[in-house]
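Here's a quick walk through the model, starting with overall dimensions and ending with strand pairing. Have the viewer open as you read.

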Amino acid sequence: MIELTGVHKSFGTLEVLRGIDLTVAPGTVTVILGPSGSGKSTLLRSINHLEKVDRGRVRVDGELIGYRQAGNRLHELGERQILKQRAKIGFVFQNFNLFPHLTALENVAEAPVSALKKNKLATYERARALLDRVGLADKADVYPRQLSGGQQQRVAIARALALEPRLILFDEPTSALDPELVGEVLDVLRDLAAAGTTMIVVTHEIGFAREAADTVIFMDEGRIVEQGPPAQVLDNPRHDRTRTFLSKVLS
Amino acid sequence: MVPARHPWRWAGTGLVLILLAQFAHGLATNPGWDWHTFTGYFLEKSVMQALLLTIELTLAGAVLGFLGGIPLAAMRLSHNPVLKSVSWTYIWVFRSVPLIVQLLFWANLGYLYDRLQVGVPFGPGWSFSTSSLVSAFGAALLGLSLHEAAFAGEIIRSGLLSVDQGQHEAAAALGLPRHRQFFRIVLPQAMRAILPNAANLLVNLLKSTSIVYVLAIGELFYQVQVIYGRNGRVVPLLMVATVWYVILTALLSILQYYVERYFARGALRTLPPTPWQRLRAAIRA
């Protein structure tokens with residue numbers, strides 16, 4: 001279970017998140033929609049403390065992320081503990097951010113070995129299985145720059161899965177891809193959803209939201225404007241802003 | 001299809017070849033070069049010893065310089081304002097002072113500080129006479145290393161800055177331990193930007209060792225000066241030193257090529273063949 005309560009975040013004088021309350025049940029898929037600058041990515045990044053929140057609390061399975069509460073005060077955790085928390089949360093970037101000097105297999109196996117101190121041999125075995133799962137078994141020993149965008153993103157998803165995370169955050173996973181490569185990445189996302197992975201996905205793929213999401217969230221100007229099942233938010237939006245946004249995206 | 005003709009290209013090539021031939025002819029026939037003396041001294045024992053000293057100074061200066069450069073770069077990139085400004089000031093000062101001036105300062109340290117003391121701050125300590133602790137060789141090594149460290153620090157910093165922010169984020173998001181983020185993810189990628197500059201610095205250091213002749217240390221340049229001071233054959237002996245510097249630089253360049261190639265893996269889709277591989281392919285064809 002992921003719980004955000006009263007999350008605020010500013011960059012200088014710009015208030016990017018203005019009080020976010022959100023609950024995500026385990027095993028569900030949540031899709032976040034919204035115009036650029038609405039705070040979607042910042043929200044996602046605050047869930048694994050890539051962005052420090054200014055106010056409010058983020059909890060994953062009851063564990064406060066990035067802070068320790070003593071009485072009424074929050075104390076920021078040391079880097080070591082934050083890194084431990086992050087190892088339980090997968091993150092997939094818009095630009096993949098694969099490590100270019102490591103092979104696909106080394107990319108996938110890096111974190112389990114060095115962050116979770118898992119057995120090296122078993123991890124490489126599992127990494128191969130994960131690459132197979134995203135359809136790239138034959139690309140294990142290839143460097144990221146030798147792969148297409150869609151293949152790179154699938155390696156990045158395998159890399160996130162390797163940590164056996166409680167939840168995976170996707171930050172516009174298909175926005176940097178050529179149109180004909182979007183499908184192969186969305187297929188992997190659909191498989192994960194069907195397997196009961198807890199996922200929060202920031203995306204502009206309305207079609208994906210409609211079929212795969214349990215909850216769709218529409219954000220604007222740092223607030224959640226509207227949330228509910230896809231049939232309600234996408235087909236029967238209650239707010240004008242949601243309607244305007246959808247008409248622009250769908251046209 | 002008839003390819004376009006390039007008459008000026010042919011004219012230019014001809015002109016350059018004529019000039020080169022003329023120069024080569026001069027090298028062979030001008031008695032001033034005195035190749036007999038050159039070959040007599042090129043492998044002479046005192047020259048060999050001096051060469052060894054030059055190599056020692058270069059290697060020791062490079063190792064100490066880069067060891068000093070790492071903390072300097074780390075300090076300048078830290079968020080701690082004190083560490084940042086200390087590093088900035090060090091780099092400012094040691095880049096400003098000419099190496100030769102610095103060397104003379106270190107050699108005259110005993111004039112400033114008669115005795116040096118090691119010990120617990122405000123507590124007991126042991127004191128040594130400065131001139132016994134800092135020999136001429138020590139002063140030279142100290143000067144070269146401190147000078148190198150300032151430049152190495154900036155080279156390392158530039159390499160670290162060249163690594164994409166997304167790489168830091170991905171490493172952090174995966175929860176990799178801090179040292180692992182640095183040594184496994186960031187540094188190997190930074191090396192690509194660090195290496196060409198570091199090689200430049202190393203070659204520069206090799207030649208800068210000739211400046212320590214002011215401290216009467218028997219390195220290559222000092223030694224040939226001693227010899228031509230005795231026999232008056234300036235040009236052939238300068239050529240002895242020159243050719244050795246050129247040979248050492250060539251060796252460094254070859255080393256640089258292969259090290260750069262190693263760190264290029266993954267950065268290029270396919271690595272170009274090495275000169276050896278190209279030669280072998282040409283012979284086979």
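## Overall dimensions of chain B

First off, this is a predicted model. Chain B comes out with a radius of gyration of 25 Å, whereas a compact globule of 285 residues would have one near 19 Å. If you line chain B up along its principal axes, its C-alpha atoms fill a box of roughly 80 × 60 × 35 Å.

## What chain B is made of

On the secondary-structure side, chain B has 13 helices and 2 strands.

How much of the contact list in chain B comes from residues 24 or more positions apart? Take the contacts with a separation of 6 or more, and such pairs account for 71% of them.

## The sheet in chain A

Over in chain A, there's an open sheet of 6 strands with mixed pairing, and its order reads S8-S9-S10-S3-S11-S12. Strands S8 (89–92) and S12 (223–228) of chain A sit at the edges with a single partner strand each, so each has one side without a neighbour in the sheet. Going from one strand to the next, the twist averages 15 degrees.

## Zooming in on S3 and S10

Strand S3 (residues 29–33) and strand S10 (residues 199–202) of chain A run parallel and are joined by 4 bridges. Which residue in S10(A) is the bridge partner of A:Thr30? That would be A:Ile200.

Conventions
Residues are numbered from 1 along each chain as its sequence is written. Chains are lettered from A and ligands numbered from 1 in the order in which they are written. This is a predicted model: local features need pLDDT of at least 70, side-chain atom pairs count only at pLDDT 80 or more; totals for chains, interfaces and linings use all residues. The radius of gyration is taken over C-alpha atoms; the globule rule is 2.2 Å times the number of residues to the power 0.38. Two residues are in contact if their C-beta atoms, placed from the backbone, lie within 7 Å. Two strands pair if DSSP finds at least two bridges between them. Axes are lines fitted to C-alpha atoms, for helices over the stretch in contact, and angles run from 0 to 180 degrees between N-to-C directions.
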